[in-house]
Amino acid sequence: LPSKITTMMKSASLVLIALSIPASHAFQASRAGISIQKVHSSTPTSISLFPTTENDIKSTSDASSPLSSITAAAAAAALFLATAIPANAVSGGGLDYAGLDISNQDYSNGNYKGKDFTQVLAKATTFANSNLQGCRFYKAYLVNTNFENADVRGVSFEDTSMDNANLKNIVAGGAYFGQSLLDVATLEGGDFTDAQIPTKTLLQVCDREDVKGTNPVTGADTRDSLMCL
């Protein structure tokens with residue numbers, strides 16, 4: 001019986017619903033030495049994948065048995081799972097903290113370089129003294145968030161809510177800000193060299209009284225780094 005099952009598994013046709021198989025999968029099957037044929041019957045259109053060698057061709061009488069049908073179905077599922085991996089999948093990828101609620105938590109003195117904080121809820125969270133280089137805070141909720149002394153070079157802060165956020169002494173070279181920069185609690189001592197800020201927003205930022213001081217890490221003058229007149 002085991003040998004018979006093995007023989008049936010080698011010769012069983014793989015029947016898959018046509019709509020379930022992208023064209024790219026069919027192409028992969030053809031390259032693997034499997035021919036693709038359309039089956040004409042009263043059932044919905046399907047695709048049968050048959051071995052192309054003569055030794056593997058078997059009469060349909062055995063293939064019609066219940067056990068053969070189960071074998072074919074299992075093989076079909078295995079083939080579909082093996083080829084269903086998206087072409088743009090990236091090994092080791094992930095969303096990090098994106099979309100999470102990390103409000104009132106302590107992320108100070110940490111290294112989060114390159115992490116994704118897209119649409120994160122970080123109300124009253126502290127990132128003080130942390131390395132956040134290259135992080136993404138797009139559309140994040142950063143109300144009352146503490147970034148004091150943090151390294152946010154190259155960070156994306158577009159479309160964020162930053163009401164009363166503390167940006168004192170941050171190193172923000174090359175960071176991307178939106179209009180919400182006007183809502184922060186303080187910018188004193190920040191280094192904004194080459195930061196990307198909308199022109200209208202920058203004009204209003206330069207009018208703030210807290211745009212002053214020198215960054216303790218880089219030695220840059222805050223007003224000069226913003227190119228305020």
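**The disulfide and its setting**

Author: Read along the sequence, the protein follows the pattern α-β-α-β-β-α-α-β-β-α-α, which comes to six helices and five strands (DSSP runs numbered from the N terminus, with helices being H or I of at least four residues and strands E of at least two). The model is predicted, so local features need pLDDT of at least 70 and side-chain atom pairs count only at pLDDT 80 or more, whereas totals for chains, interfaces and linings use all residues. Residues are numbered from 1 along each chain as its sequence is written, and side-chain values use heavy atoms, with hydrogens and water left out.

A search of the whole structure finds one disulfide, a term that covers a pair of cysteine sulfur atoms within 2.5 Å. The partners are Cys206 and Cys228, with a distance of 1.9 Å from S to S. The torsion about the S-S bond of Cys206 and Cys228 is about -75°, and therefore the disulfide is left-handed. Cys206 lies in the loop between α5 (199-205) and α6 (222-225), while Cys228 lies in the segment after α6, so the pair ties together parts that are 22 residues apart in sequence. Both Cys206 and Cys228 are buried (under 20% relative accessible area; exposed is over 50% and partly exposed lies in between, for a 1.4 Å probe and protein chains only).

Met227, which is found in the segment after α6, presents another picture. Met227 is exposed, with a relative accessible area of 69%, and the phi of Met227 is near 55°, a positive value in a residue other than glycine. Met227 also takes part in the lining of the second largest pocket, where other lining residues include Asp224, Ser225 and Leu226. Further members of that lining are Phe192, Asp194, Ala195, Gln196, Ile197 and Leu202. A pocket here is an open set of points on a 1 Å grid over the protein atoms alone, where a 1.4 Å probe fits, with protein on both sides within 12 Å along at least five of seven lines, and lining residues have an atom within 4 Å of a point.

The C-alpha atoms of Ile197 and Glu158 are separated by 9.4 Å, although the two are 39 residues apart along the chain. Glu158 lies in the loop between β4 (156-157) and β5 (176-177), and at 28% relative accessibility Glu158 counts as partly exposed. Residues up to four places away in sequence aside, Glu158 touches Phe137, Tyr138, Lys139 and Tyr176, where contact means heavy atoms within 4.5 Å.

Gly173 is another residue of the loop between β4 and β5. Beyond its neighbours within four places in sequence, Gly173 is in contact with Arg153, Gly154, Asp191 and Thr193. Gly173 and Gln133 are 40 residues apart in sequence, yet their C-alpha atoms are 9.7 Å apart in space.

Cys135 is buried, with a relative accessible area of 2%. With neighbours within four places in sequence left out, the contacts of Cys135 are Tyr112, Lys113, Gly114, Lys115, Phe117, Gly154, Val155 and Ser156. The C-alpha atoms of Cys135 and Thr118, 17 residues apart along the chain, are separated by 9.0 Å.

Ala124 is partly exposed, with a relative accessible area of 35%, whereas Thr125 is buried, at 0%. The phi of Ala124 is near 60°, a positive value in a residue other than glycine. Outside the four places on either side in sequence, Thr125 is in contact with Ile102, Ser103, Asn104, Gln105, Tyr107, Asn144, Thr145 and Asn146. Phe147, for its part, touches Phe127, Leu132, Phe137, Leu142, Val152, Phe157, Asn166, Leu167, Lys168 and Ile170, again not counting residues up to four places away in sequence.

Two totals set these details against the whole protein. Buried residues make up 36% of its 229 residues. Of the contacts between residues at least 6 apart in sequence, 22% join residues at least 24 apart.
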